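Please look at the sequence and the model together while you read this report.

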Amino acid sequence: MVFLVFPVILTVVVSFNGSQFIEFPPTSFSLDWYANISSIHRIGSATLISLGIGLMAAGLATVFAIGAALVLVRYPLPAKPVLTAFLLSPVTLPTVAIGIALIQFFIMLDVAFTWYSLVFGHIVLIVAYPIRTIIASLTLSDTSLDEAAASLGAGRLTVFRTITLPQLRPGLISGFLFAFLISFDNYPISIFLVRGELTTMPIEVFNYISQNLDPTPAAFSTLYIVIVSIVIMLAERRYGIISLAVGK
Amino acid sequence: MARLEIDSIRLAIGENEILKGVSLDIAEGECVSILGPSGCGKTTTLRAIAGFTTPHTGDIRINERSILELPPHKRNLGLVFQDYALFPHMTVTENIAYGLVMRKASKVDIRQRVGQILELVQLSDLENRFPSEMSGGQRQRVALARALVIHPDVLLLDEPLGALDRKLRDQMQVEFRRIQHEVGITTIFVTHDQEEALSLSDRVAVMLDGQIQEIGAPETLYQSPISHDVMTFLGASNVLTGVIAYDENGNAKVECDGGLVLKVNTIGLKNGERKRLGIRPENFTISSTIDTQVPNSFSGKIEECIYKGAYADVYVRVNSGHLINVHYKKQHGGNNYGIAKSGTVVIGSTIFISVHPENILMFT
Amino acid sequence: MLGPLIAFMFIFYAVPFGNMAYESLHSWPGDDKPHVGLSVFQYEKTTQKSRTVKSLKRTFRISIISTILTFIICFPITLLLLRSSPRIKVGILLVTFISLASSLIIRNYGWLVVLADAGPINNILIWLKIFEFPKRMAYSEGAIITALVHYCMPFMILPIYGSLLRIPASNAEASLSLGANAWTTLRRVILPLSMPGIFGGTMLSFAICMSSYVTPLMLGSPSTAMVSQVAAEQIEVQLNFPWGSAIIITLTLGSFLIVFIYAALVGKVMRVDV
């Protein structure tokens with residue numbers, strides 16, 4: 001178990017090290033590297049772009065997923081297993097394959113290297129996650145509640161809004177969260193679809209790492225890990241997403 | 001064939017003391033049940049014998065030797081679990097042979113003994129089936145076979161008939177008795193089902209709240225229990241309280257509220273003593289007229305009647321205000337005591353009920 | 001309800017892949033024998049050029065080693081997880097998730113830190129007098145395997161844990177009561193019954209390793225290139241779309257094939273539904 005967190009802990013410690021090189025145990029203490037984060041090329045705009053794309057892609061993916069999950073769970077459909085497999089399959093492929101396929105496709109359509117092309121590309125990969133978590137939520141939800149509401153006079157849309165959706169909340173939140181994180185962190189698809197000013201956070205951080213030996217990325221990593229940990233712990237406390245993902 | 005002694009075991013799980021001094025001696029070949037409601041500690045007792053939990057005081061001995069130091073896999077006991085715990089990835093034969101394989105029996109020996117035990121439980125033609133392909137009753141017999149084939153010292157069962165439906169349960173009761181007698185193995189089982197306990201055991205130990213209240217043969221426990229709690233736990237009963245008084249002839253009677261007076265058997269009763277009484281519904285006789293020959297005859301109005309098939313549960317409000325529960329069994333021909341010939345009861349009609357003094361149980 | 005997503009996926013997923021497959025059947029201006037129309041030339045090239053063949057073998061080897069190592073490490077962890085108190089359980093799962101959610105680039109960077117010349121591993125080894133000078137550990141196959149194992153741990157733990165949960169406790173107790181000790185019970189009862197989870201976990205880990213790109217990119221060297229890297233190189237650097245497409249398609253189909261065969265074998269041998 002220690003193995004799991006070892007690299008993370010180390011990175012955090014190194015980020016505070018004063019030396020110019022990556023070394024452990026650290027020889028001095030310094031916050032220089034945190035200040036140096038801004039020297040990562042275009043890190044500011046790249047992070048914003050990643051944020052924007054992530055939110056947009058995760059949002060759209062989740063919306064798509066709600067409709068898909070509802071149909072897949074509650075309506076009899078002839079080709080259901082095939083359809084489900086199709087929709088979830090991007091996760092099973094080499095991510096690079098998706099990137100390669102998409103860039104050729106976008107070039108063909110002359111829409112390559114646009115912000116939207118990145119969003120759509122990410123959606124292909126991440127939509128599997130909200131689908132899975134929402135389906136899990138749906139199977140746990142109680143259809144008899146929907147029926148009770150209908151018998152009391154609620155129309156289809158009202159039932160959905162007031163009864164179904166609240167029950168789906170854990171699945172929605174966790175699905176959105178996972179989708180966002182996968183998109184935010186994605187390299188293999190983004191690397192093919194970006195050019196020039198359009199760049200993402202992982203790409204810029206990676207570029208910095210391959211060109212510099214100082215611990216600036218360690219400082220950036222520490223910040224990132226802290227923020228992500230806080231978000232996940234908040235989500236778990238409020239919505240219990242981890243138990244949902246483990247499944248029954 | 002072994003003697004099992006449970007000697008004053010106390011067992012706590014976390015902060016809670018579950019077993020508060022449990023003792024039980026089981027003779028060779030005897031079949032004893034521990035009967036009690038959920039949470040009373042009966043399953044814990046079984047698990048302590050099996051070795052899955054350990055009492056912090058007391059001892060458990062088989063043939064005078066303590067087994068507490070032995071881990072579960074060295075105790076040579078046969079366990080039948082409530083969910084049968086058959087290994088889903090093994091056939092019936094492999095399941096049954098498992099214990100023999102652990103004891104390093106030879107292939108020939110295994111085949112022979114498995115064959116024999118399958119015949120005993122009447123499952124010979126199912127030897128290559130998987131548990132998922134069998135019914136509940138069949139699975140139970142496999143579980144039993146698996147536990148018996150290793151010739152354990154003691155057989156332990158957890159709610160043996162619990163998972164079976166009514167009909168199957170009746171069948172299995174007969175089966176179980178037969179197998180237990182044929183093999184003659186010392187057996188202990190736990191259950192919350194009174195019928196199971198009364199029909200299958202040589203002796204019943206009633207356990208309430210971590211302690212054994214009373215042990216005895218089924219008939220004794222049911223007809224003449226010593227403990228009031230045991231009486232109310234087993235079967236239905238009418239509970240009354242009253243004070244002992246002696247009449248002119250020296251016969252004892254109990255004066256209850258509302259003027260209800262019951263003549264009881266005179267055995268060492270003190271005048272003025274408060275007693276709790278228990279009368280089983282099936283011990284009342286029903287008549288359309290009062291019979292002065294029979295002691296303890298009362299009239300009352302029928303308030304409620306619940307048809308149960310073999311009998312009807314009738315609730316009679318007697319003059320003293322008590323609501324008495326009696327069992328009414330349909331009579332053939334003859335006068336049905338104000339009750340229609342078809343066996344249905346007319347609510348509101350008056351009938352007379354009587355009970356013999358010897359059927360009135362008394363407790364402090 | 002389902003329509004919009006299906007349409008979307010069709011346009012942005014099925015079609016591009018179809019297009020890529022189509023592209024892979026074409027020739028590239030820089031090819032030795034450019035030809036017109038469709039042919040399997042690019043695939044032949046994939047199986048003939050040493051760079052791709054070596055890379056395919058290397059990728060397969062690294063994936064197998066990583067998967068096996070991950071299993072050996074994770075199975076005991078999962079058993080432990082089963083027995084620990086709820087608080088510890090949630091704690092472990094939480095840490096697993098956070099590590100899952102941390103950027104892959106950051107995690108691999110962490111490994112670069114750990115395996116660095118002046119990093120903790122080297123320092124410990126020097127302190128223990130095993131080496132005199134720091135050993136170059138980063139940018140090697142070993143580094144890739146280490147990082148892959150680390151990455152795959154959650155994907156191995158979760159399915160196996162799920163499978164173990166479904167085994168009724170009474171099964172283990174029955175085995176003990178029949179005379180089997182803990183180790184035998186593990187071998188004869190627990191392991192077979194957890195096969196669905198084991199299969200799921202190993203299959204998932206293997207697929208992840210086969211497809212990996214960022215990890216070998218960061219922790220490896222040009223001589224340790226895995227197939228995804230080789231394909232990406234062709235697209236990005238050489239702009240050889242047909243060959244790059246063919247390479248990645250070969251990897252994808254190859255992975256699927258191996259997984260199929262694995263599933264069939266496991267199903268037969270273990271007599272359990274996977």
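## The four-stranded sheet of chain B

In this predicted model, four strands of chain B form an open sheet in the order β2-β1-β4-β5, with antiparallel pairing. Strands here are DSSP runs of E with at least two residues, while helices are runs of H or I with at least four residues, and both are numbered from the N terminus; two strands pair if DSSP finds at least two bridges between them. The edge strands are β2 (16-26) and β5 (65-66) of chain B, each of which pairs on one side only. Within the sheet, β1 (residues 4-13) and β4 (residues 57-62) of chain B run antiparallel and are joined by five bridges, and Ile6(B) has Ile60(B) in β4(B) as its bridge partner.

Strands of a sheet pair through backbone hydrogen bonds, in either a parallel or an antiparallel way.

A second open sheet in chain B has six strands in the order β6-β7-β8-β3-β9-β10, and its pairing is mixed. Its edge strands are β6 (77-80) and β10 (211-216) of chain B, each pairing on one side only, and the twist averages 20° from one strand to the next. Helix α1(B) packs on this sheet, where it touches β3, β6, β7 (154-158), β8 (186-191) and β9 of chain B, and its direction makes about 145° with that of β7(B). Such angles run from 0 to 180 degrees between N-to-C directions, with axes fitted as lines to C-alpha atoms, for helices over the stretch in contact; a contact means that the C-beta atoms of two residues, placed from the backbone, lie within 7 Å.

The parallel part of the pairing includes β3(B) and β9 (residues 203-208) of chain B, which are joined by four bridges; here Val32(B) has Arg203(B) in β9(B) as its bridge partner. Helix α1 (residues 42-50) of chain B also lies across β1, β2 and β4 of chain B, running at about 70° to β2(B).

Chain B is divided into domain 1 (4-228) and domain 2 (238-363), with bounds that come from an automatic or database domain assignment. The centres of these two domains of chain B, taken over C-alpha atoms, are separated by 40 Å.

Chain A has 13 helices and zero strands. Of its 248 residues, 47% are buried, where buried means that 20 or more other C-beta atoms, placed from the backbone, lie within 10 Å of the residue's own.

In chain C, 16 residues are in contact with 17 residues of chain B, and α8(C) gives the most to this side of chain C, with six residues.

## Confidence and numbering

The mean pLDDT of chain B is 86, and 95% of its residues reach 70 or more, pLDDT being the predictor's confidence in each residue, from 0 to 100. Because the model is predicted, local features need pLDDT of at least 70 and side-chain atom pairs count only at pLDDT 80 or more, whereas totals for chains, interfaces and linings use all residues. Residues are numbered from 1 along each chain as its sequence is written, while chains are lettered from A and ligands numbered from 1 in the order in which they are written.

Definitions and conventions. A residue is buried if 20 or more other C-beta atoms lie within 10 Å of its own, exposed if 12 or fewer, and partly exposed in between; C-beta atoms are placed from the backbone.
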